[in-house]
Amino acid sequence: MQVLFLTLMKIYSPEDEGIYMDLMKCFVENGHNVCIVTPLEKKDNGEEEIISSGNLKILRCRTGNLFGVGMLEKGISQALLAGSYMKAIDKYLTDIKFDLLLYSTPPISLAGVVEKIKKKTGAKTYLLLKDIFPQNAVDIGRISPFMAKILFRAKEKKLYEISDYIGCMSPANVEFLLKNNEISPSKVEVCPNSIKVDNRIQNEDIKNNDKKKNKILSKYNIPTDKIIFLYGGNLGLPQNIPFIIECIKKAVEVREAYFVICGDGNEYVKLESFVKEMKPVNLTLIKSLPKSEYDSIVSVSDVGMIFLDHRFTIPNFPSRLLSYLKEKKPVLVCTDKNTDIGKIAEENSFGLNSVSNNVENFIRNVEKFTDRELRTMLGENGYKFLLENYTVENSYSIIMKHFSNF
């Protein structure tokens, strides 16, 4: 097939990894031709370009600034995004008749691009639903229900309407989507976040070598004699940073536990201020790291953590879970009651679950994780569950079952 993938994820080269790039490479490995359209922000250096490697093309499309800027500038850039993508596709990919159009949320603003290409080429369309906007923004107070309805709801409905198939991250995602929209159940399915799982061996020698492990921990001023609880990823409103701070304060009662938070986002300054003012003895805060360095910290940690604001009514499913499972780390899930990631973790014995407005429950789970045998058992279970459910080969098969003629 000729496959076009539209994303807001920044992709720089064919060597990049992640939930989208791993899946696109899987398509390429199975004989398909893949074109990826990815943003090249105004603030980034470089010119609009196509990078080619075998059957893979990456079109870095010049856009406005979409990340790390004020809401007004971001809003304008989002509004102009569809036009920028369509112009670049017409310029660089106009001669390709696409068979399959893949695209992810965010954003919902690419509905117009999807519709135009679908009409032009007759391509089948598959939405990888990674967030449910605008409701997620309403839940945490980013926008009002009125503004969500007036500005965004029609675009959201249009995106669902023009999608031949919609792949959701979990069963709760499917249930929410069908309950709140007039969508045929036949075109909605679970197509979870997934990764390639053939490169984990590189960290085995680290985990089994105390000298290398201690070197990594010491590099980031992390103690070598504690049970390391790691959170890595976005540090914004969805993670409810004030709650995380309260958990860390209370967790000093569990003397064996030590917390490492690695990431960035618009709420990072709250954690930074907490560290400067309170000087917690059980926390190391690290600004975002290159993937290889972050992966090395995952490999020497003991428990992976997931946080989501308790106010969410939509079921999120953070992809950072995959890096924990890949390194056989059990997970401590602390989310809203609607998200099923914690339920799935407990039902399949690879983690412990709590609601993110209950500090005491979080501390009880931290105490349970001081048991080495429990951590080992849950970690092994998680890796097995990853292999059975969250590999790109699995996601590829789910998508391709709709295209038996290829």
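Let's start with strand β1 (residues 2-6) and strand β5 (residues 100-105), which run parallel and are joined by 4 bridges. Here, F5 sits opposite L102 in β5. When I say helix or strand, I mean DSSP runs, H or I of at least four residues for helices and E of at least two for strands, numbered from the N terminus.

A quick word on what we are looking at. This is a predicted model, in which local features need pLDDT of at least 70 and side-chain atom pairs count only at pLDDT 80 or more, while totals for chains, interfaces and linings use all residues. Residues are numbered from 1 along each chain as its sequence is written, and side-chain values use heavy atoms, with hydrogens and water left out.

Now, which sheet do β1 and β5 belong to? They are part of an open sheet of 8 strands with mixed pairing, in the order β3-β4-β2-β1-β5-β6-β7-β8. Two strands count as paired if DSSP finds at least two bridges between them. At the edges stand β3 (49-53) and β8 (188-190), each with a single partner strand, so one side of each has no neighbour in the sheet. From one strand to the next, the twist averages 20°.

Next, helix α2 (residues 71-92). This helix lies across β1, β2 (33-41), β3 and β4 (56-63), and runs at about 135° to β4. For angles like this, axes are lines fitted to C-alpha atoms, for helices over the stretch in contact, and the angle runs from 0 to 180 degrees between N-to-C directions. Helix α2 also has a helix partner, α3 (residues 111-121): their axes come within 9 Å and cross at roughly 30°. The two helices are therefore roughly parallel to each other, a label used for angles under 35 degrees. Which residues meet there? A82, Y85, M86, I89 and D90 in α2 meet V113, K116, I117 and K120 in α3, where contact means heavy atoms within 4.5 Å. As background, an α-helix has 3.6 residues a turn, so residues three or four places apart point the same way.

On the α9 side, I241, P242, I245, I248 and K249 meet K270, L271 and F274 in α10.

Is N240 buried or exposed? N240 is buried, at a relative accessible area of 14%; buried means under 20%, exposed over 50%, and partly exposed in between, using a 1.4 Å probe and protein chains only.

S349 also has a positive phi near 55°, and it lies in the loop between α13 (341-347) and β14 (351-355). S349 is partly exposed, with a relative accessible area of 32%. In that region, strand β13 (residues 331-335) pairs with β14 in the parallel sense over 5 bridges, and T335 stands opposite V355.

Two last stops. Helix α11 (residues 291-300) has 7 of its 10 residues buried, so it is largely enclosed by the rest of the structure. And the peptide bond from F133 to P134 is cis, with omega near 15°; P134 is in the loop between β6 (124-129) and α4 (135-139).

Notes:
Parallel < 35°, antiparallel > 145°, perpendicular 65-115°, else oblique.
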